[in-house]
Amino acid sequence: MEHMMSKLSESILDKFSMDFLRSQVLKNAYGNDDTVIAALDPRILIVWYLFFGVVPWFVNDLSFLLGCFLLVMVTTLLAHVAGLVLFLFALGVFSQTGYLFLATLLFGGDASAIPPLLVLTLKVATISLASVTVFSGLDPDRLSNGLMWYGCPERLSFSICYAYRMLPMLMEEFQNVLLSYRLRGNPPAHDTLWGKVRYLIYQVKIIMESFYPLMLNTAKRSRTTVEALELRGYRYAAVNKTVKKIKLSALKVSYNDLLFLALSALWVALCIFCSTLF
Amino acid sequence: MNAVEINGLTYSYPGAALPTLTDISLRIEKGDFLAVVGNNGCGKSTLCKVLNGLIPHFITGEFQGEVRVGGASTLDSDVGTLAQKVGYVYQDFENQIVRPTVLDDASYACLNYAFPDYLERGKKALCQCGLEGREEEYIWQLSGGQTHLLALAGAVSLSPDVLILDEPIAQLDPMHADRIYEVLRELNQKHGKTIVVIEHHTEYIADYCRHVLLMKDGQVQWLLPTGEALQHVAELEACNIFPPQVTQAAYRLQKEGKLPSGAPLPTTVEEGRAAFSALRCRLGAAPAPAPRPAGQRAVSFQDVSLSYRSVKGEPRTIFDGLNLDIRKGEKVALIGSNGAGKSTLMKLMVGLLRPQSGTISLFDEPIGAKKAEDLSRQISLVYQNPEEMFIKDSIRADISYAMQVRGLPDWQARTDALLERFQLIKLQDRDGRLMSGGQMRRASLAIGVALEPGILLLDEPTANLDIATRREIVGVLEDMKDIIQTAVIATHDMQLVCQWAERIIVLRGGRVVADGTRDEIFARQDLVDLVGIRPPEIFSMARALDPQALCYTVEEFTNCFQEA
């Protein structure tokens with residue numbers, strides 16, 4: 001049994017390596033460009049998101065919220081969102097409201113606390129899933145083009161793309177530094193409970209100490225990137241109206257986009273109709 | 001017409017006491033294929049950055065004199081205009097790529113300079129650089145060589161007249177290196193581009209370049225046609241540039257009076273055939289080192305399988321049921337093309353990666369059962385990229401770190417001894433990242449041997465180094481024989497392999513396709529074709545003269561081939 005536990009914890013630790021995080025980030029950003037959601041026009045999706053990201057805050061009707069939740073759940077499934085993101089989402093939402101429920105029970109509440117908590121949970125979950133659909137279903141390029149069409153400055157949209165380009169590099173660098181510590185460091189033995197605590201403290205300390213080499217290595221690498229961006233005309237594009245026009249000319253609204261909007265609207269109308277019935 | 005004209009250029013970096021470039025005057029013809037050679041730190045890269053206007057427009061400093069590219073002075077043009085005349089590919093080219101997909105990146109500059117046909121231009125550039133059919137791929141799906149071609153395509157897309165490449169093949173295996181140079185040759189001959197490469201692989205210079213420019217201490221020594229330039233053996237060697245091995249051999253034979261003096265030295269194997277035609281192979285093949293008695297198993301792989309997760313689709317299998325033993329006392333070279341699994345194999349040995357199945361043992365104990373501390377005393381890995389080994393703010397702290405945290409009683413004395421041995425005393429308080437390539441490599445070796453591991457793994461120890469530093473590294477390896485009993489080097493550097501290794505393991509697609517001494521490996525033509533490894537030039541030269549000859553170094557060649 002103990003063996004199994006140690007095997008299990010090892011495999012969980014193994015899963016949660018930097019390598020895994022890196023591949024999840026990439027997967028999330030670019031790994032699902034062939035889904036229904038990714039093919040939609042980013043402008044349409046942003047409008048769609050504005051509705052499902054804002055309206056649930058102001059509505060308390062259970063059946064309407066449930067309907068919205070079901071819809072965004074379907075879109076999230078359609079977007080093939082990476083496992084890690086969904087896991088973080090589930091952990092976030094349910095630790096929040098689950099903990100409230102526990103606190104309620106502890107201070108003399110009973111099961112009557114469930115419906116109001118459920119409403120809160122549904123609101124948070126709907127909004128989060130809508131965000132997940134839009135921000136991880138679309139690849140960063142399309143998203144930033146969409147934002148640019150609505151008048152966001154070019155620098156913001158470039159930053160989004162570039163962050164996604166840099167993030168894996170940053171993580172790779174971080175991984176390398178951690179590996180160096182692992183190869184040369186001398187972590188405390190962690191067989192006993194006290195040893196485990198010390199091991200944890202050691203790990204945190206290493207992560208903090210990794211910051212210095214991480215930043216320097218990344219800075220060294222980005223020196224070339226900065227020069228290359230200059231050569232490749234990044235600064236010209238930022239002030240040139242024609243470039244913006246060329247970029248945005250690639251955006252087109254298709255029947256699929258309209259269909260998507262129509263289906264969403266129909267579903268919402270249906271939910272409102274149901275909620276007036278009951 | 002001249003593509004580039006420089007008159008009386010003197011330049012100092014901001015805050016530097018001495019100028020990096022001093023009084024340079026230079027003409028580069030249109031359509032030339034020019035190699036710039038010189039010592040580390042002689043100002044080659046700075047000269048190239050002057051041509052594309054990064055100096056003085058982006059990097060300031062003291063700039064005197066005049067640089068004209070395509071007739072226009074760089075002082076009067078801005079970086080954007082110049083970028084459309086001069087394309088630049090950095091040595092660390094992967095940092096030059098800023099977009100996620102291949103076509104996106106190739107057309108990025110054209111989009112930024114507002115060409116409405118930017119996609120067509122990108123496609124055309126990809127085609128010219130031999131990347132057609134890969135437009136939709138993501139950049140992390142590309143191999144090192146393909147990434148370099150993409151960086152080149154990004155520069156070519158603006159259709160500049162001049163292309164500058166800083167050490168284009170430093171990190172590539174011979175097959176990929178050939179590919180890059182073939183593409184450059186085509187750009188030069190078919191599309192009339194002027195090409196400037198900073199290069200110290202003189203074999204490639206002899207094969208591809210038309211002119212050679214030698215720089216020394218920020219000054220131009222000479223600019224000569226390649227054939228003539230490579231005759232200046234003594235002068236080149238003084239600048240740590242080693243002419244092709246064929247040329248070196250002819251130079252020595254001439255000095256010994258075995259070849260008529262005064263005749264031009266051959267620079268390629270083809271020219272060598274004629275030049276050495278009077279010589280006959282006297283000795284048989286050099287006696288192969290006697291097979292040493294099989295020692296204890298130092299590292300052993302049993303049925304090891306490993307696959308990586310990939311962004312999309314199935315995980316990529318690196319090893320499938322790998323079996324391999326490395327015995328105590330062996331000097332092993334691990335060769336194979338980029339992506340054959342060399343680095344992964346090393347990471348498995350030090351326990352940084354764990355196999356999905358199978359066992360890896362060090363001295364007959366599975367590494368899973370070993371404590372990390374014991375492991376690091378027995379085996380140590382020096383990364384390909386030395387920067388990744390620096391985790392402290394000074395070299396001294398980096399070298400002592402592993403000894404200090406293990407509480408070794410004499411760690412300070414041992415750190416001093418290591419600093420002494422690797423000639424790092426003067427640099428001990430500097431941050432490793434700010435040192436030169438050769439210094440970084442020495443420091444990373446010192447870090448790697450600090451715990452006196454019985455097994456030392458070196459990943460590409462000579463990549464990006466000039467020949468002198470490379471010799472120094474080989475010297476250090478010899479020097480450390482008393483501490484390091486077993487050493488494994490992963491490398492593309494066949495001269496290093498032939499000089500140093502006793503056993504060569506050839507990897508291809510995660511499988512060991514050959515394993516033996518250098519005679520057993522290089523004499524097999526089928527293997528050379530299959531894996532794309534290339535024996536040192538002198539070896540091919542000897543075989544061209546006499547199919548029975550097996551010479552791996554210039555010394556062996558000059559001893560073996562005598563007057564008939």
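The centres of domain 1 and domain 2 of chain B, taken over C-alpha atoms, are 33 Å apart. Domain 1 of chain B spans 2-245 and domain 2 spans 297-516, with bounds that come from an automatic or database domain assignment. This is a predicted model, in which local features need pLDDT of at least 70 and side-chain atom pairs count only at pLDDT 80 or more, while totals for chains, interfaces and linings use all residues. Residues are numbered from 1 along each chain as its sequence is written, and chains are lettered from A and ligands numbered from 1 in the order in which they are written.

**Domains of chain B**

- The contact between the two domains takes 15 residues from domain 1 of chain B and 12 residues from domain 2 of chain B; two residues are in contact if their C-beta atoms, placed from the backbone, lie within 7 Å.
- On the domain 1 side, the elements that give two or more residues are helix H6 (144-156) and helix H7 (174-189) of chain B. Helices (H or I, at least four residues) and strands (E, at least two) are DSSP runs, numbered from the N terminus.
- H7(B) supplies the largest share of that side, 3 residues.
- By residue class, the domain 1 side divides into 5 nonpolar, 9 polar and 1 charged. Ala, Val, Leu, Ile, Met, Phe, Trp, Tyr, Cys and Pro count as nonpolar, Asp, Glu, Lys and Arg as charged, and the others, Gly among them, as polar.

**Domains of chain A**

- Chain A is assigned domain 1 (20-152 + 253-278) and domain 2 (153-239), and 30 Å separate their centres, taken over C-alpha atoms.
- In the contact between them, 13 residues of domain 1 of chain A meet 11 residues of domain 2 of chain A.
- Helix H2 (18-30) and helix H8 (140-149) of chain A are the elements that give two or more residues to the domain 1 side, and the largest share, 7 residues, comes from H8(A).
- The residues of this domain 1 side are 9 nonpolar, 2 polar and 2 charged.

**Confidence in chain A**

- Chain A has a mean pLDDT of 81, and 92% of its residues reach 70 or more; pLDDT is the predictor's confidence in each residue, from 0 to 100.
- Within chain A, helix H1 (residues 2-15) has the lowest confidence, at a mean of 50, and helix H4 (residues 42-58) the highest, at 89.
- Over residues 8-13 of chain A, pLDDT stays under 50, and the model has 0 contacts beyond four places in sequence for them.

**Interface between the chains**

- The contact between the chains takes 43 residues from chain B and 40 residues from chain A.
- On the chain B side, the elements that give two or more residues are helix H3 (79-83), helix H4 (102-112), helix H14 (372-378) and helix H15 (395-405) of chain B.
- H4(B) gives the largest share of the chain B side, 4 residues.
- The chain B side divides into 27 nonpolar, 7 polar and 9 charged residues.

**Helix H15 of chain B**

- H15(B) is mostly covered, with 8 of its 11 residues buried. A residue is buried if 20 or more other C-beta atoms lie within 10 Å of its own, exposed if 12 or fewer, and partly exposed in between, with C-beta atoms placed from the backbone.
- Among the buried residues of H15(B) are Ile395(B), Arg396(B), Asp398(B) and Tyr401(B).
- Just after H15(B), Gly407(B) takes a positive phi of about 65°.

**Nonpolar cores**

- The largest nonpolar core has 98 residues, of which Leu334(B) and Leu457(B) touch the most other members. Such a core is a set of buried Ala, Val, Leu, Ile, Met, Phe, Trp, Tyr and Cys residues joined through C-beta atoms within 7 Å.
- A second, separate core of 92 residues includes Leu82(B), Tyr113(B), Ala153(B) and Leu230(B).

**Strand pairing in chain B**

- Strand E3 (residues 33-38) and strand E9 (residues 211-216) of chain B run parallel and are joined by 5 bridges; two strands pair if DSSP finds at least two bridges between them.
- E9(B) is also joined to strand E10 (residues 219-225) of chain B, antiparallel, by 6 bridges.
- E9(B) and E10(B) form a hairpin with 2 residues between them, and Asp217(B) in the turn has a positive phi of about 45°.
- An open antiparallel sheet of 4 strands has the order E13-E12-E15-E16 (chain B), with strand E13 (316-327) and strand E16 (365-366) of chain B at the edges.
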